[in-house]
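Student: Please go through the model below with me. I would like each term set against its cut-off before anything is concluded.

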Amino acid sequence: MPNRIIKSSICSSDTIDSLNWFQEVMFYRLIVNCDDYGRMDARPKLLKSMLFPIKERITIKEVEDALQKLADAGCVVLYEVNGKPYLYLPSWEVHQNIRAKKSKYPAPEEGKITYNCKQMNTDENICKQMNTDEN
């Protein structure tokens with residue numbers, strides 16, 4: 001697994017500030033667990049086991065709720081391919097280097113974008129980018 005970059009500007013992000021502590025921690029753990037294209041399996045049970053493998057008190061419901069809040073805030077985009085849920089981090093390419101030639105997971109364009117459990121057009125503004133003061 002390659003190293004990931006988290007810039008100091010994340011500390012002054014209004015989007016990150018809108019999250020509670022658990023949602024913020026989950027977002028950081030998503031960053032270090034996504035593939036080289038910022039994609040990942042979005043099944044809550046799997047996310048719990050990957051992101052919090054030794055945190056016994058964290059429930060799948062808490063992970064599911066935090067994932068929805070991250071989608072509401074624009075930190076992740078949820079999508080489905082062949083009935084299976086995935087996520088991607090929309091500002092991934094701005095902050096990370098893509099080294100792999102191919103993603104481990106299907107692209108959002110291969111499926112349907114979901115948001116608040118409703119299908120949306122991919123042309124709609126489905127994600128707010130995190131604001132930073134850096135160029």
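Tutor: Start with the hairpin: β2 and β3 form one, with two residues between them. The turn residue Asn-82 has a positive phi of about 55°. This is a predicted model, where local features need pLDDT of at least 70 and side-chain atom pairs count only at pLDDT 80 or more, while totals for chains, interfaces and linings use all residues. Residues are numbered from 1 along each chain as its sequence is written, and side-chain values use heavy atoms, with hydrogens and water left out.

Student: How do you know that β2 and β3 are paired, and in which sense?
Tutor: Two strands pair if DSSP finds at least two bridges between them. Strand β2 (residues 77–81) and β3 share five bridges, so they count as paired, and the sense is antiparallel. Tyr-79 has Tyr-86 of β3 as its bridge partner, and Val-81 stands opposite Lys-84 in β3.

Student: What makes β1 and β3 a pair?
Tutor: There are three bridges between strand β1 (residues 39–41) and strand β3 (residues 84–88), again in the antiparallel sense.

Student: Is Asn-82 buried or exposed, and how do you know?
Tutor: Buried means under 20% relative accessible area, exposed over 50%, and partly exposed in between (1.4 Å probe, protein chains only). Asn-82 has 81%, which is over 50%, so Asn-82 is exposed. The residue lies in the loop between β2 and β3, and its positive phi occurs in a residue other than glycine.

Student: What makes you call β2 mostly covered?
Tutor: Four of the five residues of β2 are buried. For the protein chain, with its 135 residues, the buried share is 42%.

Student: Why is Pro-108 called buried?
Tutor: Its relative accessibility is 6%, so Pro-108 falls under the 20% limit. Pro-108 sits in the loop between α5 (92–95) and β4 (112–115). Its C-alpha atom is 7.7 Å from that of Val-81, although the two are 27 residues apart along the chain.

Student: What makes a group of residues a nonpolar core?
Tutor: The members are buried Ala, Val, Leu, Ile, Met, Phe, Trp, Tyr and Cys residues joined through side-chain atoms within 4.5 Å. The largest such core has 26 residues, and Met-26, Leu-47 and Leu-87 touch the most other members. Elements giving two or more residues to this core are α2 (21–33), α3 (44–51) and α4 (60–73). Of these, α4 gives the most, with six. Leu-47, not counting residues up to four places away, touches several residues, including Met-26, Leu-30, Met-40, Phe-52, Val-63 and Leu-87.

Student: At what angle do α3 and α4 pack, and how far apart are their axes?
Tutor: The angle is about 100° and the axes are 9 Å apart. An angle of 65 to 115 degrees counts as roughly perpendicular (under 35 roughly parallel, over 145 roughly antiparallel, the rest oblique), so α3 is roughly perpendicular to α4. The axes are lines fitted to C-alpha atoms, for helices over the stretch in contact, and angles run from 0 to 180 degrees between N-to-C directions. Pro-44, Lys-45, Leu-47 and Lys-48 of α3 meet Ile-60, Val-63, Glu-64 and Leu-67 of α4.

Student: Why are α2 and α3 described as roughly perpendicular?
Tutor: Their axes cross at roughly 85° and come within 10 Å. That angle lies in the 65 to 115 range, and α2 and α3 are therefore roughly perpendicular to each other. Here Met-26, Arg-29, Leu-30 and Asn-33 in α2 meet Leu-47, Met-50 and Leu-51 in α3.

Conventions: Contact = heavy atoms within 4.5 Å.
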